[in-house]
Amino acid sequence: MRSTMFMLLAPVMLLIAVLFHFIPRMRKRNLYFAVTVSEEFRQSEEGQSIARTFRTFVWAGTILALAASWTALGRGWVVAANLAPDVQIVVILIAWVIAWRRTRSHAVPPAGVRSAEIVQASGGPTWGLLALILPPFGPVAAAVFLWLNYSELPAHWGRYTGPIRPGHVDHFIDKSPLVVFATPAIAAAVLLLCLVIGLGIRYASRRGSSGERAGWAPKFRRLNLMMLTGIMWAVSLMTSVLSLAPLLSPGTIQALLPVFVVALLATLVGFGVPLIRMSMERTGGSDATPDECWKGGAIYYNPSDSALMVEKRSGIGYTLNFGNRIAWVILAFVLLAPIFVIAVASGLK
Amino acid sequence: MCTQYTERGMAARNAQIRIDLSASEPAYRQVATQLRTLIVEGSLRPGDLLPPVRRLALDLAVHFNTVAEAYRMLAEEGWLDVGHGRNARVIERATPKPTAAAWEAHRRKLRQVLAEMKASGVAASRIRQEFQTLIEAMKS
């Protein structure tokens, strides 16, 4: 039990550590710990010292969290062991704020120049929009199918808490609307959130240039959207199949799930690697956001910027502009979704 | 033929504006000045649709009001037709006869620009050539 749980927690914590180890490099050369600096600063003695201190914290926090989780599991404190990654994240966040504050004393004024095409495409191809909109309908369609065939569903069915093995289930649960519709409902909520984020990137993010190489911003945006769409499709298909589990044989699920997992990983690697490369390349410009609007170097708040989604200043992808009221509605949705999941999960017991 | 701002995009002519938020001139004035220049030069012609306020504001990373104010200013000058629920459109504008005061103001500005160019070492022949090129571009 101890080693099984630890084998599940340790890779997650190590992955987080590796990600944060490389995060200072995963952005344009004139952005360092979310602060606008000169392109040379990253390689300077002070720049490297900031990164060293940050990485020391990251790995110290990771070792501390791993040790805490191992000890807690040894004493049978499963909940405490599950909180170990949170300890790691807190240590990393403290390290981030320290690095951000140190870097701020070396900030240079960000480029205030922005340009925009007066005659241009406003969105993207229609098929791109369609591909973005369709995934939430997967679990919804599965739910409708389950509803239409509700009487055909078995009175009890098996649930798996570990690897799926045909002919073997971990335990049986009774049929009820909550049990039947929990998976598609949760999946639809998550995919709906992804859709809102995708539409935000598509219609409410910057496409103009702020001094970087021509075409950089639209390409970065397009790749992000394609990755999000790919992830949504993989999640939609996977959760639709899982929702229909009572009607499918374990063998079918066992055969299909690896396909979706591979598709998900292929999407992450296929689009993630070019995105990381793009983030690190020398583009010759900064982003169009003022330094003072990045609170703690991570939260963007700028009521003077009409964008809902802006490029992150650390790592890849987009983040919300909390100066836009819609961002608060999305945040409320994100906060309410776990409550919804917990409510559904507690109803399952 | 007119260049229209459409969802599918018809980049028939190159028209780009560039603003500098660190400049002393307010952003809405920079937007208005550059759009006016594009219209006068012929990069934007009567009938052309401009991007929606929201779209241009997003691309320039400024507030909607900044672009809305620029469009309003150009509409008051007679360059644009703006209305609720539709894109701003470039319209035909009768060229007014310059008043003596306006002529004097332009002359003063031109002198300043020429002086700045000369002060920064640009040769008189180069200045003349540049002016000639700009005038020819606006004629076509």
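A surface patch is made of residues with over 30% relative accessible area and no salt bridge, nonpolar side chains being joined within 5 Å. The legends below refer to a predicted model.

**View 1. A nonpolar patch on the surface of chain A.** The patch is formed by Leu130(A), Leu134(A), Phe137(A), Val140(A), Val144(A), Trp147(A), Leu148(A), Trp233(A) and Leu237(A), which together have about 900 Å² of accessible area. Two or more residues each are given by helix H6 (137–148) and helix H8 (216–243) of chain A. H6(A) provides the largest share, five residues. Leu237(A) belongs to helix H8 of chain A and, with 40% relative accessibility, counts as partly exposed.

**View 2. The packing of helices H2 and H3 in chain B.** Helix H2 (residues 53–60) and helix H3 (residues 64–76) of chain B meet at an angle of about 120°, and their axes are 8 Å apart. H2(B) and H3(B) are therefore oblique to each other, and the crossing is right-handed.

**View 3. A salt bridge between Arg313(A) and Asp291(A).** The closest N and O atoms of this pair are 2.5 Å apart. Arg313(A) lies in the loop between strands S8 and S9 of chain A and Asp291(A) in the loop between helix H9 and strand S6, so the bridge ties together parts that are 22 residues apart in sequence. Both Arg313(A) and Asp291(A) are buried.

View 4. Arg107(B) is partly exposed at 45% relative accessibility, as is Glu104(B) at 36%.

Conventions
Residues are numbered from 1 along each chain as its sequence is written. Chains are lettered from A and ligands numbered from 1 in the order in which they are written. This is a predicted model: local features need pLDDT of at least 70, side-chain atom pairs count only at pLDDT 80 or more; totals for chains, interfaces and linings use all residues. Side-chain values use heavy atoms; hydrogens and water are left out. Patches are made of residues with over 30% relative accessible area and no salt bridge: like charges are joined within 9 Å, nonpolar side chains (Val, Leu, Ile, Met, Phe, Trp, Tyr) within 5 Å. Accessible areas come from the Shrake-Rupley method with a 1.4 Å probe; for residues, only the protein chains shown count as cover. A salt bridge is a side-chain nitrogen of Lys or Arg within 4 Å of a carboxyl oxygen of Asp or Glu. Helices (H or I, at least four residues) and strands (E, at least two) are DSSP runs, numbered from the N terminus. Buried means under 20% relative accessible area, exposed over 50%, partly exposed in between (1.4 Å probe, protein chains only). Axes are lines fitted to C-alpha atoms, for helices over the stretch in contact, and angles run from 0 to 180 degrees between N-to-C directions. Angles under 35 degrees count as roughly parallel, over 145 as roughly antiparallel, 65 to 115 as roughly perpendicular and the rest as oblique. A crossing is left-handed if the near helix is turned anticlockwise from the far one by less than a right angle, and right-handed if clockwise.
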